[in-house]
Amino acid sequence: MHTVLIVDDSDINLTLIKALVLKLGECSPVLFDRPVAALEWCRDNVPDLVIVDYMMPEMDGLKFIAAFRALHGRNEIPMLMITANDQRDIRYEALLGGANDFLTKPIDRIEFSARARNMLSLRTGQKFLADRAEHLAALVDERTSEIREREKELIFRMSRAAEFRDPETGAHIQRMAHYSQIIARGLDLGPAMEKLVLEAAPMHDVGKIGIPDYILLKPGKLTPEEFEVMKGHARLGYELLKDSGSEILRAGAEVAMSHHEKYDGSGYPFGLKGTQIPQLGRIVAVADVFDALTSERPYKRAWSLDDACRFLEEGRSKHFDPLCVEAFLAGWEDILEIRQRFRDEEVPQI
Amino acid sequence: MAAAFVLDRASILERLGGDEEIYAMMVDMFVADVENNCTALATALAAGDVESLKRAAHTVKGLLATFSDDDGAVEANFVEKNAREDELANLGPAVADIQSRLREVSAVLSAGQA
(Lines give C-alpha, C1' and ligand atoms only; values in the text may rest on other atoms or scores of the structure.)
Protein backbone atom coordinates (compact mmCIF):
# COMPACT_ATOMS: atom_id res chain seq x y z
CA MET A 1 0.00 0.00 0.00
CA HIS A 2 1.37 3.41 -1.01
CA THR A 3 0.78 6.46 1.13
CA VAL A 4 0.02 9.45 -1.09
CA LEU A 5 0.15 12.88 0.52
CA ILE A 6 -2.08 15.47 -1.17
CA VAL A 7 -1.68 19.14 -0.26
CA ASP A 8 -4.09 21.64 -1.82
CA ASP A 9 -6.03 24.50 -0.25
CA SER A 10 -9.02 23.86 -2.52
CA ASP A 11 -11.46 21.28 -1.16
CA ILE A 12 -12.74 20.42 -4.60
CA ASN A 13 -9.20 19.72 -5.83
CA LEU A 14 -8.43 17.65 -2.75
CA THR A 15 -11.55 15.61 -3.35
CA LEU A 16 -10.83 15.16 -7.05
CA ILE A 17 -7.22 14.12 -6.51
CA LYS A 18 -8.18 11.82 -3.65
CA ALA A 19 -10.73 10.10 -5.94
CA LEU A 20 -8.12 9.76 -8.69
CA VAL A 21 -5.55 8.38 -6.25
CA LEU A 22 -8.03 5.79 -4.99
CA LYS A 23 -8.67 4.76 -8.60
CA LEU A 24 -4.95 3.92 -8.92
CA GLY A 25 -5.42 1.08 -6.46
CA GLU A 26 -3.13 0.06 -3.57
CA CYS A 27 -2.99 3.69 -2.47
CA SER A 28 -3.96 5.38 0.75
CA PRO A 29 -4.42 9.15 0.35
CA VAL A 30 -3.64 11.57 3.18
CA LEU A 31 -5.17 15.03 2.69
CA PHE A 32 -4.13 18.45 3.93
CA ASP A 33 -5.57 21.82 2.94
CA ARG A 34 -2.79 23.63 4.83
CA PRO A 35 0.84 23.10 3.79
CA VAL A 36 2.20 23.90 7.26
CA ALA A 37 0.06 21.15 8.81
CA ALA A 38 1.17 18.79 6.04
CA LEU A 39 4.82 19.49 6.84
CA GLU A 40 4.19 18.75 10.50
CA TRP A 41 2.72 15.40 9.50
CA CYS A 42 5.76 14.72 7.32
CA ARG A 43 8.10 15.04 10.28
CA ASP A 44 6.76 11.75 11.66
CA ASN A 45 5.47 10.08 8.50
CA VAL A 46 7.10 9.17 5.21
CA PRO A 47 4.76 9.32 2.22
CA ASP A 48 5.49 7.37 -0.96
CA LEU A 49 4.31 10.20 -3.19
CA VAL A 50 3.58 13.87 -2.56
CA ILE A 51 1.14 15.80 -4.74
CA VAL A 52 1.21 19.50 -3.94
CA ASP A 53 -0.57 22.51 -5.42
CA TYR A 54 1.49 25.54 -6.37
CA MET A 55 -0.69 28.40 -5.24
CA MET A 56 -1.63 28.12 -1.59
CA PRO A 57 -1.85 30.52 1.35
CA GLU A 58 0.84 30.31 4.09
CA MET A 59 3.36 28.63 1.82
CA ASP A 60 3.39 28.08 -1.93
CA GLY A 61 4.23 24.75 -3.55
CA LEU A 62 7.85 25.69 -4.24
CA LYS A 63 8.48 26.57 -0.60
CA PHE A 64 6.70 23.40 0.48
CA ILE A 65 8.93 21.27 -1.75
CA ALA A 66 12.07 22.96 -0.38
CA ALA A 67 10.91 22.49 3.24
CA PHE A 68 9.95 18.87 2.60
CA ARG A 69 13.27 18.07 0.94
CA ALA A 70 15.09 19.61 3.90
CA LEU A 71 13.56 17.00 6.25
CA HIS A 72 15.84 14.09 7.02
CA GLY A 73 15.37 11.11 4.67
CA ARG A 74 12.86 12.89 2.42
CA ASN A 75 15.26 13.73 -0.37
CA GLU A 76 14.20 11.02 -2.78
CA ILE A 77 10.45 10.81 -2.17
CA PRO A 78 8.73 11.51 -5.52
CA MET A 79 6.89 14.85 -5.67
CA LEU A 80 4.37 16.08 -8.21
CA MET A 81 3.45 19.74 -8.31
CA ILE A 82 0.14 20.97 -9.69
CA THR A 83 0.27 24.16 -11.72
CA ALA A 84 -1.96 26.02 -14.11
CA ASN A 85 -1.31 25.70 -17.82
CA ASP A 86 0.18 29.17 -18.08
CA GLN A 87 2.73 28.73 -15.29
CA ARG A 88 5.65 27.46 -17.32
CA ASP A 89 8.24 29.42 -15.31
CA ILE A 90 6.85 28.00 -12.09
CA ARG A 91 7.10 24.48 -13.52
CA TYR A 92 10.76 24.99 -14.41
CA GLU A 93 11.40 26.36 -10.95
CA ALA A 94 9.60 23.41 -9.38
CA LEU A 95 11.64 20.88 -11.35
CA LEU A 96 14.87 22.64 -10.41
CA GLY A 97 13.71 22.95 -6.79
CA GLY A 98 13.11 19.25 -6.23
CA ALA A 99 9.79 18.33 -7.85
CA ASN A 100 10.05 15.17 -9.95
CA ASP A 101 7.21 16.04 -12.30
CA PHE A 102 4.14 18.25 -12.53
CA LEU A 103 0.45 18.09 -13.29
CA THR A 104 -1.45 20.81 -15.07
CA LYS A 105 -4.92 22.06 -14.19
CA PRO A 106 -7.55 21.14 -15.11
CA ILE A 107 -6.42 17.70 -14.08
CA ASP A 108 -6.78 15.02 -16.71
CA ARG A 109 -7.27 11.53 -15.30
CA ILE A 110 -5.19 9.76 -17.97
CA GLU A 111 -2.28 12.15 -17.50
CA PHE A 112 -2.68 12.01 -13.74
CA SER A 113 -2.68 8.21 -13.63
CA ALA A 114 0.35 7.91 -15.90
CA ARG A 115 2.42 10.42 -13.97
CA ALA A 116 1.35 9.18 -10.55
CA ARG A 117 2.04 5.56 -11.51
CA ASN A 118 5.48 6.51 -12.82
CA MET A 119 6.27 8.23 -9.55
CA LEU A 120 5.02 5.28 -7.50
CA SER A 121 7.10 2.88 -9.63
CA LEU A 122 10.10 5.05 -8.91
CA ARG A 123 9.30 4.83 -5.20
CA THR A 124 8.85 1.07 -5.37
CA GLY A 125 12.27 0.82 -7.03
CA GLN A 126 13.81 3.01 -4.35
CA LYS A 127 12.33 0.87 -1.58
CA PHE A 128 13.44 -2.33 -3.26
CA LEU A 129 17.01 -1.07 -3.59
CA ALA A 130 17.02 0.22 -0.01
CA ASP A 131 15.68 -3.09 1.32
CA ARG A 132 18.19 -5.00 -0.75
CA ALA A 133 21.08 -2.82 0.38
CA GLU A 134 19.98 -3.27 4.00
CA HIS A 135 19.64 -7.02 3.52
CA LEU A 136 23.08 -7.25 1.90
CA ALA A 137 24.65 -5.15 4.64
CA ALA A 138 23.11 -7.41 7.28
CA LEU A 139 24.31 -10.49 5.38
CA VAL A 140 27.85 -9.14 5.04
CA ASP A 141 27.85 -8.20 8.71
CA GLU A 142 26.67 -11.68 9.67
CA ARG A 143 29.25 -13.41 7.49
CA THR A 144 32.04 -11.06 8.56
CA SER A 145 31.08 -11.63 12.16
CA GLU A 146 31.22 -15.40 11.64
CA ILE A 147 34.67 -15.09 10.07
CA ARG A 148 35.90 -12.85 12.88
CA GLU A 149 34.57 -15.24 15.50
CA ARG A 150 36.27 -18.16 13.74
CA GLU A 151 39.48 -16.12 13.49
CA LYS A 152 39.33 -15.38 17.23
CA GLU A 153 38.71 -19.02 18.04
CA LEU A 154 41.64 -20.15 15.87
CA ILE A 155 43.90 -17.59 17.49
CA PHE A 156 42.87 -18.74 20.95
CA ARG A 157 43.41 -22.39 20.06
CA MET A 158 46.77 -21.62 18.45
CA SER A 159 47.78 -19.74 21.59
CA ARG A 160 46.63 -22.66 23.71
CA ALA A 161 48.74 -25.00 21.59
CA ALA A 162 51.79 -23.00 22.56
CA GLU A 163 50.75 -22.83 26.19
CA PHE A 164 50.19 -26.60 26.39
CA ARG A 165 53.92 -27.00 26.00
CA ASP A 166 54.41 -24.70 28.96
CA PRO A 167 53.27 -24.63 32.56
CA GLU A 168 50.98 -21.72 31.66
CA THR A 169 47.24 -22.39 31.37
CA GLY A 170 44.34 -21.38 29.16
CA ALA A 171 43.06 -19.23 31.99
CA HIS A 172 46.38 -17.35 31.96
CA ILE A 173 45.78 -16.39 28.34
CA GLN A 174 42.29 -15.16 29.12
CA ARG A 175 43.38 -13.20 32.18
CA MET A 176 46.38 -11.50 30.61
CA ALA A 177 44.35 -10.65 27.48
CA HIS A 178 41.62 -9.03 29.59
CA TYR A 179 44.17 -7.25 31.80
CA SER A 180 45.69 -5.89 28.58
CA GLN A 181 42.28 -4.66 27.50
CA ILE A 182 41.82 -2.88 30.85
CA ILE A 183 45.16 -1.13 30.37
CA ALA A 184 44.18 -0.09 26.82
CA ARG A 185 40.93 1.35 28.22
CA GLY A 186 42.86 3.24 30.89
CA LEU A 187 45.07 4.70 28.18
CA ASP A 188 41.94 5.92 26.30
CA LEU A 189 42.88 4.08 23.14
CA GLY A 190 39.25 3.73 22.04
CA PRO A 191 36.95 0.72 21.68
CA ALA A 192 38.48 -0.57 18.42
CA MET A 193 42.01 -0.62 19.87
CA GLU A 194 40.78 -2.15 23.14
CA LYS A 195 39.24 -4.96 21.12
CA LEU A 196 42.41 -5.44 19.08
CA VAL A 197 44.52 -5.61 22.24
CA LEU A 198 42.15 -8.20 23.73
CA GLU A 199 42.34 -10.33 20.59
CA ALA A 200 46.08 -9.99 19.92
CA ALA A 201 47.45 -10.39 23.47
CA PRO A 202 46.85 -14.19 23.64
CA MET A 203 49.46 -14.66 20.91
CA HIS A 204 52.35 -13.23 22.98
CA ASP A 205 54.03 -16.61 23.58
CA VAL A 206 52.99 -18.44 20.41
CA GLY A 207 56.69 -18.65 19.39
CA LYS A 208 57.25 -21.16 22.21
CA ILE A 209 56.00 -23.76 19.73
CA GLY A 210 59.48 -23.60 18.19
CA ILE A 211 61.45 -23.98 21.44
CA PRO A 212 62.83 -27.48 22.15
CA ASP A 213 61.14 -29.40 24.98
CA TYR A 214 64.37 -29.91 26.91
CA ILE A 215 64.56 -26.16 27.37
CA LEU A 216 60.88 -25.25 27.52
CA LEU A 217 60.01 -27.98 30.02
CA LYS A 218 63.26 -27.93 32.00
CA PRO A 219 62.36 -27.95 35.69
CA GLY A 220 65.47 -26.12 36.89
CA LYS A 221 67.16 -22.88 35.99
CA LEU A 222 68.22 -22.42 32.36
CA THR A 223 71.88 -22.07 31.48
CA PRO A 224 72.86 -18.81 29.74
CA GLU A 225 72.95 -20.70 26.41
CA GLU A 226 69.56 -22.27 27.02
CA PHE A 227 68.14 -18.86 27.99
CA GLU A 228 69.40 -17.42 24.70
CA VAL A 229 67.47 -20.15 22.86
CA MET A 230 64.41 -19.46 25.02
CA LYS A 231 64.55 -15.74 24.17
CA GLY A 232 64.21 -16.77 20.55
CA HIS A 233 60.47 -17.38 21.08
CA ALA A 234 59.83 -13.67 20.60
CA ARG A 235 61.28 -13.70 17.08
CA LEU A 236 59.72 -17.09 16.30
CA GLY A 237 56.29 -15.79 17.25
CA TYR A 238 56.81 -12.73 15.08
CA GLU A 239 57.96 -14.84 12.11
CA LEU A 240 54.93 -17.06 12.51
CA LEU A 241 52.42 -14.22 12.45
CA LYS A 242 53.99 -11.37 10.44
CA ASP A 243 52.66 -10.23 7.05
CA SER A 244 49.24 -11.74 7.72
CA GLY A 245 46.19 -10.38 5.93
CA SER A 246 44.50 -10.32 9.33
CA GLU A 247 44.86 -7.18 11.41
CA ILE A 248 44.63 -9.29 14.57
CA LEU A 249 47.46 -11.60 13.51
CA ARG A 250 49.66 -8.63 12.52
CA ALA A 251 49.01 -7.12 15.96
CA GLY A 252 49.82 -10.55 17.44
CA ALA A 253 53.16 -10.48 15.61
CA GLU A 254 53.97 -7.12 17.19
CA VAL A 255 52.99 -8.39 20.64
CA ALA A 256 55.06 -11.56 20.24
CA MET A 257 58.15 -9.61 19.17
CA SER A 258 57.97 -6.86 21.79
CA HIS A 259 56.43 -8.19 25.01
CA HIS A 260 59.83 -8.94 26.57
CA GLU A 261 61.30 -5.54 25.81
CA LYS A 262 61.83 -3.41 28.93
CA TYR A 263 61.22 0.31 29.27
CA ASP A 264 64.83 1.03 30.26
CA GLY A 265 66.22 -0.88 27.26
CA SER A 266 67.33 -3.97 29.18
CA GLY A 267 64.84 -6.33 27.56
CA TYR A 268 64.99 -8.51 24.46
CA PRO A 269 65.19 -9.21 21.54
CA PHE A 270 66.27 -5.68 20.50
CA GLY A 271 66.83 -3.82 23.76
CA LEU A 272 64.36 -1.12 22.70
CA LYS A 273 63.74 1.77 25.11
CA GLY A 274 60.64 3.68 26.17
CA THR A 275 58.32 4.52 23.30
CA GLN A 276 60.61 2.73 20.83
CA ILE A 277 58.83 -0.34 22.13
CA PRO A 278 55.49 -0.80 20.33
CA GLN A 279 52.61 0.24 22.58
CA LEU A 280 51.01 -3.22 22.31
CA GLY A 281 54.21 -4.75 23.70
CA ARG A 282 54.36 -2.27 26.60
CA ILE A 283 50.73 -3.04 27.49
CA VAL A 284 51.08 -6.81 27.30
CA ALA A 285 54.33 -6.77 29.31
CA VAL A 286 52.51 -5.41 32.39
CA ALA A 287 49.54 -7.79 32.01
CA ASP A 288 51.68 -10.88 31.37
CA VAL A 289 54.12 -10.31 34.23
CA PHE A 290 51.36 -9.50 36.73
CA ASP A 291 49.50 -12.70 35.88
CA ALA A 292 52.65 -14.82 35.91
CA LEU A 293 53.57 -13.47 39.39
CA THR A 294 50.12 -14.00 40.89
CA SER A 295 49.66 -17.53 39.47
CA GLU A 296 50.86 -20.71 41.13
CA ARG A 297 53.20 -22.83 39.03
CA PRO A 298 54.86 -26.23 39.66
CA TYR A 299 58.13 -24.42 40.30
CA LYS A 300 56.82 -21.46 42.36
CA ARG A 301 54.10 -20.27 44.65
CA ALA A 302 51.74 -17.47 43.70
CA TRP A 303 52.76 -14.00 44.84
CA SER A 304 50.30 -12.01 46.89
CA LEU A 305 48.43 -9.27 45.06
CA ASP A 306 50.17 -6.61 47.16
CA ASP A 307 53.62 -7.99 46.34
CA ALA A 308 52.77 -8.18 42.67
CA CYS A 309 51.48 -4.59 42.65
CA ARG A 310 54.61 -3.45 44.46
CA PHE A 311 56.70 -5.20 41.81
CA LEU A 312 54.85 -3.32 39.07
CA GLU A 313 55.22 0.00 40.86
CA GLU A 314 58.92 -0.55 41.49
CA GLY A 315 59.28 -1.52 37.86
CA ARG A 316 57.87 1.78 36.54
CA SER A 317 60.17 3.31 33.95
CA LYS A 318 62.56 0.34 34.43
CA HIS A 319 60.80 -2.79 33.31
CA PHE A 320 57.42 -1.18 32.55
CA ASP A 321 55.92 1.82 30.81
CA PRO A 322 54.76 3.99 33.78
CA LEU A 323 51.56 4.96 31.96
CA CYS A 324 50.66 1.30 31.47
CA VAL A 325 51.27 0.55 35.16
CA GLU A 326 49.11 3.56 36.08
CA ALA A 327 46.32 2.41 33.74
CA PHE A 328 46.52 -1.11 35.17
CA LEU A 329 46.27 0.04 38.79
CA ALA A 330 43.47 2.50 37.91
CA GLY A 331 41.41 -0.46 36.70
CA TRP A 332 42.01 -2.48 39.84
CA GLU A 333 38.36 -3.36 40.49
CA ASP A 334 38.09 -4.76 36.97
CA ILE A 335 41.39 -6.63 37.39
CA LEU A 336 39.99 -8.41 40.45
CA GLU A 337 36.82 -9.29 38.56
CA ILE A 338 38.87 -10.82 35.74
CA ARG A 339 40.90 -12.85 38.24
CA GLN A 340 37.68 -14.24 39.66
CA ARG A 341 36.14 -14.92 36.28
CA PHE A 342 39.10 -16.85 34.80
CA ARG A 343 40.44 -19.17 37.48
CA ASP A 344 43.15 -21.75 36.79
CA GLU A 345 41.92 -25.26 36.06
CA GLU A 346 43.75 -28.45 35.33
CA VAL A 347 45.32 -28.21 31.93
CA PRO A 348 44.06 -30.92 29.58
CA GLN A 349 46.80 -33.22 28.35
CA ILE A 350 47.46 -33.46 24.62
CA MET B 1 -18.70 39.75 -21.86
CA ALA B 2 -18.16 35.99 -22.21
CA ALA B 3 -20.51 33.87 -24.26
CA ALA B 4 -23.14 31.86 -22.35
CA PHE B 5 -21.77 28.77 -20.66
CA VAL B 6 -22.56 25.58 -22.55
CA LEU B 7 -22.03 22.35 -20.66
CA ASP B 8 -19.72 20.05 -22.59
CA ARG B 9 -20.27 17.00 -20.42
CA ALA B 10 -18.42 14.68 -22.80
CA SER B 11 -15.14 16.61 -22.71
CA ILE B 12 -15.27 16.96 -18.92
CA LEU B 13 -15.96 13.26 -18.53
CA GLU B 14 -13.19 12.39 -20.95
CA ARG B 15 -10.74 14.30 -18.76
CA LEU B 16 -12.05 12.43 -15.72
CA GLY B 17 -11.47 9.14 -17.48
CA GLY B 18 -15.19 8.63 -18.09
CA ASP B 19 -15.80 8.35 -14.36
CA GLU B 20 -19.40 9.44 -13.74
CA GLU B 21 -18.97 9.08 -10.01
CA ILE B 22 -16.11 11.57 -9.84
CA TYR B 23 -17.97 13.90 -12.21
CA ALA B 24 -21.06 13.91 -10.01
CA MET B 25 -18.96 14.53 -6.92
CA MET B 26 -17.16 17.45 -8.59
CA VAL B 27 -20.42 19.03 -9.66
CA ASP B 28 -21.87 18.74 -6.18
CA MET B 29 -18.81 20.33 -4.66
CA PHE B 30 -18.73 23.12 -7.23
CA VAL B 31 -22.35 23.96 -6.64
CA ALA B 32 -21.95 23.82 -2.87
CA ASP B 33 -18.90 26.09 -2.99
CA VAL B 34 -20.10 28.74 -5.43
CA GLU B 35 -21.23 31.28 -2.83
CA ASN B 36 -18.09 30.77 -0.76
CA ASN B 37 -15.96 31.47 -3.80
CA CYS B 38 -18.02 34.54 -4.71
CA THR B 39 -17.65 35.84 -1.15
CA ALA B 40 -13.90 35.19 -1.13
CA LEU B 41 -13.50 37.32 -4.29
CA ALA B 42 -15.69 40.14 -3.00
CA THR B 43 -14.10 40.21 0.45
CA ALA B 44 -10.56 40.30 -0.93
CA LEU B 45 -11.46 43.12 -3.32
CA ALA B 46 -13.23 45.14 -0.62
CA ALA B 47 -10.33 44.72 1.77
CA GLY B 48 -7.80 45.68 -0.90
CA ASP B 49 -6.06 42.37 -0.18
CA VAL B 50 -4.11 41.80 -3.38
CA GLU B 51 -2.74 38.38 -2.45
CA SER B 52 -6.11 36.99 -1.36
CA LEU B 53 -7.77 38.31 -4.49
CA LYS B 54 -5.08 36.76 -6.67
CA ARG B 55 -5.44 33.43 -4.90
CA ALA B 56 -9.25 33.45 -5.03
CA ALA B 57 -9.17 34.25 -8.74
CA HIS B 58 -6.61 31.50 -9.28
CA THR B 59 -8.83 28.98 -7.49
CA VAL B 60 -11.88 30.00 -9.51
CA LYS B 61 -9.86 29.82 -12.73
CA GLY B 62 -9.00 26.19 -11.91
CA LEU B 63 -12.59 25.34 -11.02
CA LEU B 64 -14.01 26.80 -14.21
CA ALA B 65 -11.32 25.10 -16.29
CA THR B 66 -12.25 21.79 -14.66
CA PHE B 67 -15.73 22.20 -16.18
CA SER B 68 -14.26 23.19 -19.54
CA ASP B 69 -15.38 26.80 -19.17
CA ASP B 70 -12.52 28.39 -21.07
CA ASP B 71 -14.20 31.83 -21.30
CA GLY B 72 -14.83 31.90 -17.57
CA ALA B 73 -11.26 30.80 -16.89
CA VAL B 74 -10.01 33.67 -19.07
CA GLU B 75 -12.04 36.15 -16.98
CA ALA B 76 -10.64 34.73 -13.74
CA ASN B 77 -7.15 34.78 -15.20
CA PHE B 78 -7.58 38.48 -16.02
CA VAL B 79 -8.31 39.26 -12.36
CA GLU B 80 -5.49 37.03 -11.15
CA LYS B 81 -2.96 38.70 -13.43
CA ASN B 82 -4.17 42.24 -12.80
CA ALA B 83 -4.56 42.00 -9.05
CA ARG B 84 -2.14 44.79 -8.12
CA GLU B 85 -2.42 47.72 -5.69
CA ASP B 86 -2.78 50.25 -8.47
CA GLU B 87 -5.35 48.19 -10.38
CA LEU B 88 -7.71 47.11 -7.58
CA ALA B 89 -10.03 50.06 -8.05
CA ASN B 90 -10.60 49.02 -11.67
CA LEU B 91 -11.22 45.33 -11.00
CA GLY B 92 -14.72 45.67 -9.56
CA PRO B 93 -16.54 44.92 -12.84
CA ALA B 94 -14.25 41.99 -13.65
CA VAL B 95 -14.83 40.46 -10.20
CA ALA B 96 -18.57 40.92 -10.61
CA ASP B 97 -18.37 39.18 -14.01
CA ILE B 98 -16.62 36.20 -12.43
CA GLN B 99 -19.24 35.97 -9.71
CA SER B 100 -21.98 35.97 -12.33
CA ARG B 101 -20.12 33.38 -14.29
CA LEU B 102 -19.73 31.11 -11.28
CA ARG B 103 -23.46 31.29 -10.56
CA GLU B 104 -24.29 30.70 -14.20
CA VAL B 105 -22.04 27.64 -14.44
CA SER B 106 -23.45 26.37 -11.16
CA ALA B 107 -27.01 26.68 -12.44
CA VAL B 108 -26.19 24.87 -15.70
CA LEU B 109 -24.35 22.09 -13.87
CA SER B 110 -27.21 21.67 -11.41
CA ALA B 111 -29.68 21.48 -14.29
CA GLY B 112 -27.46 18.92 -15.99
CA GLN B 113 -27.57 16.74 -12.85
CA ALA B 114 -31.33 16.89 -12.59
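Angles under 35 degrees count as roughly parallel, over 145 as roughly antiparallel, 65 to 115 as roughly perpendicular, and the rest as oblique. The exercises below use a predicted model.

**Exercise 1. Classify the packing of H11(A) and H12(A), and state which residues make the contact.**

Step 1. Locate the helices. H11 of chain A covers residues 247-258, and H12 of chain A covers residues 279-293.

Step 2. Take the geometry. The two axes come within 8 Å and cross at roughly 60°.

Step 3. Apply the ranges. H11(A) and H12(A) are therefore oblique to each other.

Step 4. H11(A) passes H12(A) in a right-handed crossing.

Step 5. List the contact. H11(A) supplies A:Ala251, A:Glu254, A:Val255 and A:Ser258, while H12(A) supplies A:Leu280, A:Gly281 and A:Val284.

Step 6. Sort by class. The contact of H11(A) with H12(A) has four nonpolar, two polar and one charged residues.

**Exercise 2. Locate A:Glu26 and give its phi.**

Step 1. Find the loop. A:Glu26 is between helix H1 (11-24) and strand E2 (27-32) of chain A.

Step 2. Read the angle. A:Glu26 has a positive phi of about 55°, although it is not a glycine.

**Exercise 3. Follow the packing in chain B from H3 through H4 to H5.**

Step 1. Begin with H3(B), residues 50-66, and H4(B), residues 70-82. Their axes come within 8 Å and cross at roughly 165°.

Step 2. Classify the pair. H3(B) and H4(B) are therefore roughly antiparallel to each other.

Step 3. H3(B) passes H4(B) in a left-handed crossing.

Step 4. Name some contact residues. On H3(B) they include B:Leu53, B:Ala57, B:His58 and B:Leu64; on H4(B) they include B:Gly72, B:Ala76 and B:Val79.

Step 5. Sort them. The contact of H3(B) with H4(B) divides into eight nonpolar, three polar and four charged residues.

Step 6. Go on to H5(B), residues 92-113. H4(B) and H5(B) pack at an angle of about 150°, with axes 9 Å apart. That makes H4(B) roughly antiparallel to H5(B).

Step 7. Finish this pair. The crossing of H4(B) and H5(B) is left-handed. Among the residues that meet are B:Gly72, B:Ala76 and B:Val79 of H4(B), and B:Ala94, B:Ile98 and B:Arg101 of H5(B). The contact of H4(B) with H5(B) divides into six nonpolar, one polar and four charged residues.

**Exercise 4. Characterise the interface of chain B and chain A by residues, area and salt bridges.**

Step 1. Count residues. In this interface, 21 residues of chain B are in contact with 21 residues of chain A.

Step 2. Take the area. About 1800 Å² is buried between chain B and chain A, and carbon and sulfur atoms give 69% of it.

Step 3. B:Arg15, B:Arg55 and B:His58 supply 30% of the area that chain B buries against chain A, more than any other three residues.

Step 4. Count the charged pairs. Three salt bridges are found across the interface of chain B and chain A.

Step 5. Inspect one pair. B:Asp19 forms a salt bridge with A:Arg109, with the closest N and O atoms 3.4 Å apart.

Conventions: Residues are numbered from 1 along each chain as its sequence is written. Chains are lettered from A and ligands numbered from 1 in the order in which they are written. This is a predicted model: local features need pLDDT of at least 70, side-chain atom pairs count only at pLDDT 80 or more; totals for chains, interfaces and linings use all residues. Side-chain values use heavy atoms; hydrogens and water are left out. Axes are lines fitted to C-alpha atoms, for helices over the stretch in contact, and angles run from 0 to 180 degrees between N-to-C directions. Helices (H or I, at least four residues) and strands (E, at least two) are DSSP runs, numbered from the N terminus. A crossing is left-handed if the near helix is turned anticlockwise from the far one by less than a right angle, and right-handed if clockwise. Contact means heavy atoms within 4.5 Å. Ala, Val, Leu, Ile, Met, Phe, Trp, Tyr, Cys and Pro count as nonpolar, Asp, Glu, Lys and Arg as charged, and the others, Gly among them, as polar. Buried area is the accessible area (1.4 Å probe) that two parts lose on being put together, summed over both. A salt bridge is a side-chain nitrogen of Lys or Arg within 4 Å of a carboxyl oxygen of Asp or Glu.
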